[in-house]
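Biologist: Can you walk me through this one? I'd like the overall layout and then the details.

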Amino acid sequence: MRRRRAEKRVNLPDAKFNNVMLGKFMNMVMERGKKSLAEHIVYGALETIKERVKDKDPLEVFKQAIDNTRPLLEVKSRRIGGATYQVPLEVKLDRGQFMAMRWIRDFARNQKGRPMKDKLADEILNAYKKEGPSIKKREDTHKMAEANKAFAHFKW
């Protein structure tokens, strides 16, 4: 018999804006437990966004960027009778937000030669404007799901 499902942990909001999503993003940016450095990077990125987008609140820009990047569909491998199929599945809200945050963080990290807060600000602004590599990743994920729509009946 299977054990019970693990309980969802409650994420604490960040200190400055009291926003849970921003707190989660900070934890994703954090490396080796250095939370104050992650806070410095994320708040620095939000300051840069504030300078570049005059008419909008940087927190609104961040939320919109996550929403623009969040995938609605993804594919999961299912092994059925010796063959592996890529089965398209709908993505729940928290998983979608997690994927969006991870993509934004990873594409920012992979750029070279600039401070992380600047790279992160660029990536968030690109996602806000619906351009850049994180949006391309979302489109590729959707295309993959669309291409494998024939195997949708394998989902359970």
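Modeller: One term before we start: contact means heavy atoms within 4.5 Å. With that, what covers the buried residues of H4 includes H1, H3, E1, H5 and H6. Keep in mind that this is a predicted model.

Biologist: Which residues of H4 are buried?

Modeller: They are Gly96, Gln97, Met99, Ala100, Met101, Trp103, Ile104, Arg105 and Ala108.

Biologist: What span should H4 have, and what does the model give?

Modeller: H4 has 18 residues, so at 1.5 Å a residue it should span 26 Å. Its end C-alpha atoms are 26 Å apart, which agrees.

Biologist: How far is leucine 93 from proline 71?

Modeller: In sequence, 22 residues separate leucine 93 from proline 71. In space they are 9.1 Å apart, C-alpha to C-alpha.

Biologist: Let's zoom out. How many helices and strands does the protein chain have?

Modeller: Six helices and two strands. The order along the sequence is α-α-α-β-β-α-α-α.

Biologist: And what does the C-alpha trace span along its principal axes?

Modeller: About 55 × 40 × 30 Å for the protein chain. Of its 156 residues, 39% are buried. Take the contacts between residues at least 6 apart in sequence: 62% of them join residues at least 24 apart.

Biologist: Now the core. Which residues have the most contacts inside the largest nonpolar core?

Modeller: Leu22, Phe25, Val42, Ile49, Phe62, Leu120 and Ile124, out of 29 residues in that core. H1, H2, H3, H4 and H5 each supply at least two residues of this core.

Biologist: Which element gives the largest share of this core?

Modeller: H2, with seven residues.

Biologist: What is isoleucine 49 in contact with?

Modeller: Setting aside neighbours within four places in sequence, isoleucine 49 is in contact with Pro58, Val61, Ala121, Ile124 and Leu125. Ala121, Ile124 and Leu125 are among the buried residues of H5.

Biologist: What else is buried in H5?

Modeller: Met116, Lys119, Leu120, Asp122, Glu123 and Ala127 are also buried there. The buried residues of H5 pack against helices H1, H2, H3, H4 and H6.

Biologist: How far does H5 reach?

Modeller: H5 runs over residues 116-128 and reaches 18 Å from its first C-alpha to its last. That is close to the 18 Å expected for its 13 residues. Just after H5, lysine 130 takes a positive phi of about 60°.

Biologist: Back where we started, then. Thanks.

Technical notes: Residues numbered from 1 in each chain as written. Predicted model: local features only at pLDDT ≥ 70, side-chain atom pairs only at ≥ 80, totals over all residues. Heavy atoms only, no water. Helix = DSSP H or I, 4+ residues; strand = E, 2+ residues; numbered from the N terminus. Expected span 1.5 Å × (residues − 1). Buried < 20%, exposed > 50% of the residue type's maximum accessible area, 1.4 Å probe, protein only. Core = buried A, V, L, I, M, F, W, Y, C linked by side-chain atoms within 4.5 Å.
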